[in-house]
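Here are my notes for you on the salt bridges in this one. Have a look at the sequence and structure first, then read on.

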Amino acid sequence: MATFRIRYSGDYEFEGQSLSEVVPVMYRRKWANDFPCPDEGGYMRRTAIDMCEWNKGTYYYDSRSSFADSMVRNGMLERVSYMD
């Protein structure tokens with residue numbers, strides 16, 4: 001397990017096994033009453049567009065891992081620590 005920090009809609013951290021867990025964490029934070037996400041692809045697309053408008057970065061949303069990698073490249077997601 002590791003701790004990750006999201007720098008979008010305020011800074012917050014979550015614990016997970018991989019960066020790709022960012023999508024359900026972000027969705028749950030915004031839409032807690034509608035979890036799991038009924039349209040994850042649509043959610044990633046809308047969020048990628050919003051992030052692109054906010055910091056002019058390039059975001060891919062064809063999968064959880066490419067979305068997370070895009071967030072890392074644009075400074076929106078980072079690994080803070082590792083846990084045993």
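**Notes on the charged pairs**

1. Let's start with arginine 5, which is partly exposed, at a relative accessible area of 22% (buried is under 20%, exposed over 50%, partly exposed in between, with a 1.4 Å probe and protein chains only). Keep in mind that this is a predicted model, where local features need pLDDT of at least 70, side-chain atom pairs count only at pLDDT 80 or more, and totals for chains, interfaces and linings use all residues. Residues are numbered from 1 along each chain as its sequence is written, and side-chain values use heavy atoms, leaving out hydrogens and water.

2. Arginine 5 makes a salt bridge with glutamate 78, at 3.1 Å from N to O (the rule: a side-chain nitrogen of Lys or Arg within 4 Å of a carboxyl oxygen of Asp or Glu). Arginine 5 sits in strand β1 (residues 2–7) and glutamate 78 in strand β3 (residues 77–82), 73 residues apart. Strands here are DSSP runs of E, at least two residues, and helices are runs of H or I, at least four, numbered from the N terminus.

3. Glutamate 78 also pairs with arginine 7, with the closest N and O atoms 2.7 Å apart. Since glutamate 78 is in strand β3 and arginine 7 in strand β1, this pair ties together parts 71 residues apart in sequence.

4. Arg5, Arg7 and Glu78 belong to a salt-bridge network that also includes Asp11 and Glu13.

5. Elsewhere, arginine 64 and glutamate 40 form a salt bridge at 2.8 Å between the closest N and O atoms. That one links helix α3 (residues 64–73) to helix α2 (residues 40–55).
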